[in-house]
Amino acid sequence: MTRTTEQSGKWEYAPAPESAPIEIADRYGLFIGGEFCDPSSGQWRSSISPANEQVLSDVAEAGADDVNKAIAAARDALPGWAGLSGRERGKYLFRIARRIQERARELAILETMDGGKPIKESRDVDIPLVAHHFFYYAGWADKLEYAFCGRTASPVGVCAQIIPWNFPLLMAAWKIAPALACGNTVVLKPAETTPLTALRLADILQEVGLPPGVVNIVPGGPEAGAALAGSDAIDKLAFTGSTEVGKRLAQIAAKRGIPLTLELGGKSPNILFDDAPIDQAVEGIISGIYFNQGHVCCAGSRVLVQEGIAEEVVSKLEWRMKSLRVGDPLDKNTDIGAINSAEQLARIKHFLEVGPQEGAVLHQVAGDSELPDRGFWCRPCFFTGVQPSHVIAREEIFGPVLAVMTFRTPKEAVERANNTKYGLAAGIWTDKGAKIFNIATKLKAGVVWCNTYNKFDPGSPFGGFKESGFGREGGMQGLRAYVRL
Amino acid sequence: MVDERAASFAKRSIKTTMKGAGLRLAVSMVDLTTLEGKDTPEKVRALCRKAVCPHEGGQIEPALPHVAAVCVYPSMVRTAKAAVAGSGVKVASVATAFPSGQYPLDGRLADVRQVVADGADEVDMVINRGAFLAGRYDEVAQEIREVKKACGPAHLKIILETGELETYDHIRRASDLAIEAAAVDGDLADGEVFIKTSTGKVSPAATMPVTLIMLEAIRDHYLATGVRIGMKPAGGIRTAKSALHYLMMVSETLDEHWLSPHLFRFGASSLVNDLVRQALKLSTGTYAAGYDTSVS
Amino acid sequence: MVLKTYKLFINGQFPRTESGRSIKIDGLNGQALAHVCRASRKDLRNAVEAASAAQSGWAGRSAYNRGQILYRMAEMLEARAGEFTDVIASTVDDGCEAAAREVQAAIDRLVSYAGWTDKFSQMLGTHNPVAGPHYNFTVPEAIGVVGVVAPDALPLLGLVSLIAPALCAGNTVVALGSEAHPLATAIVGEVCATSDVPAGVVNLLTGLRSELVEHFAGHREIGAIHAANLPGEQAERLRAGSAENLKRVVVRAIAEPEGWYDESACHSPWWIEPLIDFKTIWHPSGI
């Protein structure tokens, strides 16, 4: 029954690479006292694109002397910055937010090249949130008296901030914006695999005329991190990253008695009740675990599904995953980009071996297209037949790997959800409002998403229970880490 | 999540050869429509010519396909049938007291029999929204069954008028109800029955989230029975860009079988010319002026 | 020099008053500077219609978006600060320095309220620990259309200070600018017209308070009044409007001029709070 001359058939996306050119210098120095400078360590480290392993730029590697120089610059800048009125500090932050909006395209491309995340995420999520975060905390700078009723807020001082590679610029914004709003100065260490956008931010700080030394950026590896965290000259330490490193920093901070905030790992449960809107819940599973290749501390990496709908959920998940596109992060149609580093890929692969050895069943549906020869890649996948005692159900994998488990009653769901050392986030899917509030109250997690997942807003506090860390970032609560009362 | 997922298709990017293929595919899926009180036979003949040959200029290689069908009021079926004879373009007619459906069932069924007798290949019916919103689901289903019978060999498109149903839950429920009712007398052939968003007389007409909900109902029916129901968003799709976004949604929610006029249609009038303009841009490299495409 | 008549600002456009009346404005040297429209009761009615139609859309925007638009207003005011200073100094006999200070303070006020849009509900909203298995929270909600009657003195700063908190919370505004110095009102209109402020969100009238105050007070679609430093009988007339439709009426008494420059007093959630209602939501918790 031919009706027309057109043939039906597979209709694929042609490559749609983001084509705006951006400039990347051959090398980037440290940003100390408002100027870029060469490291006294004499060390440079190549920052590569994880999608093709090509060198993007050589970036200065801060040594202990460099870190100390940055801390001294922050110390020098402190009286002037803390002495400005909140209104004037706020104006700098508003201006930073504006420049980030205006340079959003460039920042998004750079973030994707350096870190491997899909351009659609850096363009639509990371960079808009960065600008929003500066805008939000800009507004707090002249309003601190309202945030802490009955107390007068004063700055903590020089803040050492160490951030991870999964949301490089966004984590810089989460750390810098509230610190500056409250009158502190900052030494920020970006992750060694993703320093480029933080250094581009330094460029913006110069553009807006931020006083020298208020923000100092010292790229580097664990040595730079240790020098910064271990310095006697800092007044506060903030860290986002693994629970393992977080605990080491807690030891250091304990010796000196300085305030500490930690935003660490997670193994967050995404709970589907049998009265959930299943198609929507499947979308929630997808965005919960495959957003940013699963390199998300609050990733919904454990799906707990009520037994009666488990089969349907798994088959719909498989169907949905067929349309996930893995590949060139700069392609606007890519859903899942490159794994951030060879090291992280090895770690993920380890868990992909452990899972089946423990008896779980691996489902790797997505993407029959070929992966590039170079770069670090992992197709999105999930395990079924996972038991609560399995390693893949307990340890943070930090990759596009999901563990699907079942439960029978709400009580069992809560019990299984809370059966972890972590407590960062959780998801609840049900059409019953009363159940949402009841279950949300019982979950030991810092953020509970109901019929949605992985939502972020500068006005909404984020942070964990238990070994997922302490302190909150975002919202009014996010100011607390950066004031003395 | 429905809105977010639907919005994600509008961020997909279609380039070069696949864009050309997409535009041609979209042209071939259009139900070119005129449904106005002021319709005349001459207006319908103009529409039919446009349907058979969307662009006459010859700059587009290979030439664009004809559209899937023309969609007209019952009194225009004979005119349309004669005007498209031999071209492969189907004639669809709205029936069942379109657009309100607020007439006694006998009259609505007579409507259907008349357009089929006059040669309509496809019948676009409206469901009884009053009965649906009042909770009389059996009545809605029974009416669909009777209309289906009255269609005989003609294919049936069931208009839910989603703008009046308002909620996503209603739209999903109406989709399931329509599909099950139409399928009651044995197995359907693929594409024998479509579900359709709107009459075009109510705002909002077709939207991406509403179409996504209906595609999910079609997907679930296919996974359960192996039968492929067709989908027709109608009203409000005016640009080539928007049409391509719909095709991406179909491709990612269902599979490539639905990328065919057998199973997917656009109910539209001005869309064809924008598809032609974009196709002209692709083949000539320059942007077309408004007068480069013919009116219908 | 071209003399011109400044028009009203209603629904994103600059119409003349339907009444065909105008007021001559003289400069400090006694020479005619310009004319402004003398708005009528019907102009007020049209402005309220526009404000009412725009309100749900404005309140429905994200707080972030409203903040960005208020910040954009500050940017536009800043960009033409010199020109605006001259306009104020042309009729206000306090010198250019005072006019410049007033413009700067108006910019700062807009910036501060740009920051309040996404924070005041974190101050004023609550989660309420009720007895029993319920989730109970209280959220502020815009009242609707706010009528602003600006003081004579500090014609720019006074007007901006009364409008900004209302906009911040998601209200739309119909404002009568300073009667003594109406050119400042025209400035605010030009700022709004170039700042992504949606049509109808801010509507500005110039004219005589003695004519219009009673219609502000009586109009049932106006949900609240935000005014300052009015003559006693006008303040009383506005307050009496409360008896008409229980509109919320705030007529402030601010020490002139320094009270308007007191930031901790004027940049405050307590300037927003009279222009909102509180909505408490009960939701059961159970399985």
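Okay, housekeeping. Residues count from 1 along each chain as its sequence is written, with chains lettered from A and ligands numbered from 1 in the order in which they are written. As the model is predicted, local features need pLDDT of at least 70, side-chain atom pairs count only at pLDDT 80 or more, and totals for chains, interfaces and linings use all residues; side-chain values use heavy atoms, leaving out hydrogens and water.

Let's start with B against A. Here 43 residues of chain B are in contact with 36 residues of chain A, contact being heavy atoms within 4.5 Å. About 3,300 Å² is buried between the two, and carbon and sulfur atoms give 56% of that. Buried area here is the accessible area (1.4 Å probe) that two parts lose on being put together, summed over both.

The rule finds seven salt bridges across this interface, each a side-chain nitrogen of Lys or Arg within 4 Å of a carboxyl oxygen of Asp or Glu. R12(B) forms a salt bridge with D335(A), with the closest N and O atoms 2.9 Å apart. On the chain B side, α1 (2–9), α2 (16–28), α10 (208–225) and α11 (240–253) each give two or more residues. The top contributor is α2(B), with seven. Helices, by the way, are DSSP runs (H or I, at least four residues), numbered from the N terminus.

Now A against C. There, 29 residues of chain A are in contact with 30 of chain C, and the buried area is about 2,500 Å², 61% of it from carbon and sulfur atoms. F135(A), Y146(A) and F437(A) supply 27% of what chain A buries against chain C, more than any other three residues. The salt bridge count is four. E263(C) pairs with R87(A) in a salt bridge, the closest N and O atoms being 2.4 Å apart.

F94(A), R95(A), R98(A) and Q101(A) make the contact on α2(A), while α2(C) brings Y64(C), Q68(C), Y71(C), R72(C) and E75(C).
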